[in-house]
Amino acid sequence: MKLLLILLFSMIADQPRQVLLFYTNNGKTAYNLQMAELQKHKPGVAERDIEIRSFLYTSETASEWQKNKINPDSSFTFILIGRDRGEKYRSVLPVSASTLFGLIDAMPMRRSEMKKE
């Protein structure tokens with residue numbers, strides 16, 4: 001059992017955290033602000049192993065919007081996904097790097113990573 005837990009933990013630790021950005025044409029300003037914030041803090045994003053994925057609402061991305069329970073009338077939505085693939089945070093406004101990093105740094109897996117560094 002202990003070996004199974006160790007194996008499971010190592011598989012989860014190999015998964016990057018994700019920031020999912022959903023936006024419509026009306027939400028491009030919020031999207032651009034969010035991307036600028038993430039670019040400005042690129043070393044912190046990399047240090048925390050964050051993968052950024054963007055989804056402009058189109059017929060091709062509609063299934064991703066539906067899967068993440070995003071209303072197509074929403075012009076912008078930010079979602080933080082943890083290494084365990086669970087949703088950790090959601091906002092309809094751009095999120096500052098300090099808020100994002102604070103959320104991640106408070107997670108048990110991240111605290112464990114920081115002890116190893």
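Does K67 count as buried, partly exposed or exposed, and what is its relative accessibility? K67 counts as exposed, at 58% relative accessibility. Here buried means under 20% relative accessible area, exposed means over 50%, and partly exposed lies in between (1.4 Å probe, protein chains only).

The model is predicted; local features need pLDDT of at least 70, side-chain atom pairs count only at pLDDT 80 or more, and totals for chains, interfaces and linings use all residues. Residues are numbered from 1 along each chain as its sequence is written, and side-chain values use heavy atoms, with hydrogens and water left out.

The protein chain has six helices and four strands. Both are DSSP runs, numbered from the N terminus: helices are H or I with at least four residues, strands are E with at least two. Along the sequence the pattern reads α-β-α-α-β-α-β-β-α-α. Of the 117 residues, 38% count as buried. The chain exposes about 7200 Å², and carbon and sulfur atoms supply 57% of that area. Accessible areas come from the Shrake-Rupley method with a 1.4 Å probe; for residues, only the protein chains shown count as cover. Among contacts with a separation of 6 or more, 65% involve residues 24 or more positions apart. Contact means heavy atoms within 4.5 Å.

The four strands form an open sheet in the order β2-β1-β3-β4, with mixed pairing. Strands β2 and β4 stand at the edges, each with a single partner strand, so one side of each has no neighbour in the sheet. Neighbouring strands are turned by 15° against each other on average, direction ignored. Two strands pair if DSSP finds at least two bridges between them. Strand β1 (residues 17-23) runs parallel to β2, and seven bridges join them. R17 has I50 in β2 as its bridge partner. In general, strands of a sheet pair through backbone hydrogen bonds, either parallel or antiparallel.

Two helices that pack on the sheet are described here. Helix α2 (residues 28-40) touches β1, β2 and β3, and its direction makes about 155° with that of β1. Helix α5 touches β1, β2, β3 and β4, and its direction makes about 30° with that of β3. Axes are lines fitted to C-alpha atoms, for helices over the stretch in contact, and angles run from 0 to 180 degrees between N-to-C directions.

Salt bridges were then counted. The criterion is a side-chain nitrogen of Lys or Arg within 4 Å of a carboxyl oxygen of Asp or Glu. The count comes to six. One of them joins D105 and R48, with the closest N and O atoms 2.9 Å apart. This pair links distant parts of the chain: D105 lies in helix α5 (residues 97-105), R48 in the loop between α3 (42-47) and β2 (50-56), 57 residues apart. R48 is buried, at 9% relative accessible area.

The side chains of D49 and R83 also meet in a salt bridge (2.9 Å, N to O). D49 lies in the loop between α3 and β2, and R83 in the loop between β3 (76-81) and β4 (87-91), so the pair ties together parts that are 34 residues apart in sequence. D49 is partly exposed at 31% relative accessibility, whereas R83 is buried at 8%.

E64 forms a salt bridge with K67, the closest N and O atoms being 3.3 Å apart. Both residues lie in helix α4 (residues 62-67), three residues apart, about one turn of the helix. E64 is buried, with a relative accessible area of 16%, while K67 is exposed.
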